[in-house]
Amino acid sequence: MPVVVVLLVLVNVLRPDDDSGDSGAVADVSGTTSAPRGNLPPVQVDTPEVTSAADLACPVLMSQLPLELAGESSRLVKSDSPYAYAWGDPPVVLICGVAPPAGYVVGVQGIVINGVEWFVDTSDPDTVVWTTVDRNVPVQMQVPASTDSALVNAASTIIATAIPFTEPTPAPATPTD
């Protein structure tokens with residue numbers, strides 16, 4: 001039977017003129033902390049209709065999303081779907097359960113980050129849209145063009161463990177008029 005050892009370390013903070021060990025002093029914790037959720041105004045997010053596949057897969061992802069990601073605080077989201085989340089100002093928005101990205105070509109256009117393959121759409125000069133192509137339910141991150149991809153990088157690790165892998169397939173053709 002393995003032996004488990006737990007080591008507990010207690011630290012007393014003493015005032016220089018008090019050696020009784022019961023000073024009641026409070027440790028000085030300096031540095032910046034992230035703003036609690038809700039300090040930034042809510043973000044209005046347009047979301048697709050929730051599918052049964054999203055209802056099965058997305059709650060696992062949403063339960064694992066942190067209040068702070070890559071140094072950015074989360075913020076409240078207003079949407080028709082419970083599967084939208086946002087961090088930072090300007091906001092980086094994550095939506096679970098989107099449609100596969102139009103125009104994706106298997107094996108040609110993907111970028112793999114921390115085990116997740118993304119299709120990156122830069123057609124909008126204001127927003128870079130990252131969409132997973134190797135998950136059983138696509139996840140999208142909308143990143144302002146003025147912001148780097150640090151949140152996509154950090155979220156990839158979470159997505160990789162929360163949403164099951166599936167072989168990438170091309171997006172269905174869009175009917176033309």
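A crossing counts as left-handed if the near helix is turned anticlockwise from the far one by less than a right angle, and as right-handed if it is turned clockwise. The model shown is predicted, so that local features need pLDDT of at least 70 and side-chain atom pairs count only at pLDDT 80 or more, while totals for chains, interfaces and linings use all residues. Residues are numbered from 1 along each chain as its sequence is written, and side-chain values use heavy atoms, with hydrogens and water left out.

**View 1. The crossing of H1 and H2.** Helix H1 passes H2 in a right-handed crossing. Val60, Leu61 and Gln64 of H1 meet Ile158, Ile159, Thr161 and Ala162 of H2 in this contact (heavy atoms within 4.5 Å). By class, the contact has 5 nonpolar, 2 polar and no charged residues.

**View 2. The largest nonpolar core.** Such a core is a set of buried Ala, Val, Leu, Ile, Met, Phe, Trp, Tyr and Cys residues joined through side-chain atoms within 4.5 Å, where buried means under 20% relative accessible area with a 1.4 Å probe, protein chains only. This core holds 29 residues, of which Leu61, Leu94, Cys96, Met141 and Ile159 touch the most other members. Among the elements that give two or more residues to this core are helix H1 (52-64), strand S10 (139-144) and helix H2 (150-162), and the largest share, 6 residues, comes from H2.

**View 3. The surroundings of Met141.** Leaving aside neighbours within four places in sequence, Met141 is in contact with residues including Trp87, Leu94, Trp118, Trp130, Leu151 and Ala155. A second, separate core of 7 residues includes Val43, Ala86, Val93 and Val98.

Notes: Buried < 20%, exposed > 50% of the residue type's maximum accessible area, 1.4 Å probe, protein only. Helix = DSSP H or I, 4+ residues; strand = E, 2+ residues; numbered from the N terminus. Nonpolar A, V, L, I, M, F, W, Y, C, P; charged D, E, K, R; others polar.
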